[in-house]
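Try each task before you read its solution.

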Amino acid sequence: MIKTISTVAMAGMMALAMSGASQAQEKTFQKMTSGQPAAIQGAMTQSQARKACQMEMKGARESKASINTKMKLCVDQKMQGNS
């Protein structure tokens with residue numbers, strides 16, 4: 001009877017120790033991955049990209065639809081850092 005109780009107690013302690021280790025690893029991983037992502041070099045915010053593209057397109061003599069298409073592509077490229 002005492003052997004059974006001590007075996008159950010030992011198994012419980014081992015399970016508790018294993019869960020504590022996994023929780024510590026999880027907390028460490030969360031600390032490493034939290035926060036701001038690394039900035040892509042040369043990338044702009046949407047408003048910065050839109051202003052830059054408007055300056056580039058200023059005075060273009062094309063249809064409104066083609067200018068809008070080029071603006072969308074330009075903004076997407078500048079936001080990804082592909083100037």
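A disulfide here is a pair of cysteine sulfur atoms within 2.5 Å. Keep in mind that this is a predicted model.

**Exercise 1. Find the disulfide and describe its setting.**

Which cysteines form a disulfide, and how far apart are their sulfur atoms?

Step 1. Searching the whole structure turns up 1 disulfide. Its partners are Cys53 and Cys74, with sulfur atoms 2.0 Å apart, so the pair meets the cut-off of 2.5 Å.

Step 2. Cys53 belongs to helix H2 and Cys74 to helix H3, so the bond ties together parts that are 21 residues apart in sequence.

Step 3. Look along the S-S bond. The torsion there is about -90°, so the disulfide of Cys53 and Cys74 is left-handed.

**Exercise 2. List the salt bridges and judge how open each partner is.**

How many salt bridges does a search of the whole structure find?

Step 1. The search finds 2. One joins Lys78 to Glu56, with the closest N and O atoms 3.0 Å apart.

Step 2. Lys78 sits in helix H3 (residues 64-80) and Glu56 in helix H2 (residues 46-57), so this pair links parts that are 22 residues apart in sequence.

Step 3. Compare each partner with the cut-offs: buried means under 20% relative accessible area and exposed means over 50%. Lys78 has 8% relative accessibility and counts as buried, whereas Glu56, at 51%, counts as exposed.

Step 4. Turn to the other pair. Glu62 forms a salt bridge with Lys70, the closest N and O atoms again being 3.0 Å apart. Glu62 is partly exposed, with a relative accessible area of 38%, and Lys70 is partly exposed, also with 38%.

**Exercise 3. Step back to the whole chain and its confidence.**

Where in the protein chain is confidence lowest, and where is it highest?

Step 1. Count the elements. The protein chain has 3 helices and 0 strands, in the order α-α-α from the N terminus.

Step 2. Consider burial and surface. Of the 83 residues, 8% count as buried. The chain exposes about 7400 Å², and carbon and sulfur atoms supply 61% of that area.

Step 3. Consider contact range. Among contacts between residues at least 6 apart in sequence, 59% join residues at least 24 apart.

Step 4. Finish with confidence. The mean pLDDT of the chain is 80, and 77% of its residues reach 70 or more. Helix H1 (residues 2-33) has the lowest confidence, at a mean of 71, and H3 the highest, at 93.

Notes:
Residues are numbered from 1 along each chain as its sequence is written. This is a predicted model: local features need pLDDT of at least 70, side-chain atom pairs count only at pLDDT 80 or more; totals for chains, interfaces and linings use all residues. Side-chain values use heavy atoms; hydrogens and water are left out. A salt bridge is a side-chain nitrogen of Lys or Arg within 4 Å of a carboxyl oxygen of Asp or Glu. Helices (H or I, at least four residues) and strands (E, at least two) are DSSP runs, numbered from the N terminus. Buried means under 20% relative accessible area, exposed over 50%, partly exposed in between (1.4 Å probe, protein chains only). Contact means heavy atoms within 4.5 Å. Accessible areas come from the Shrake-Rupley method with a 1.4 Å probe; for residues, only the protein chains shown count as cover. pLDDT is the predictor's confidence in each residue, from 0 to 100.
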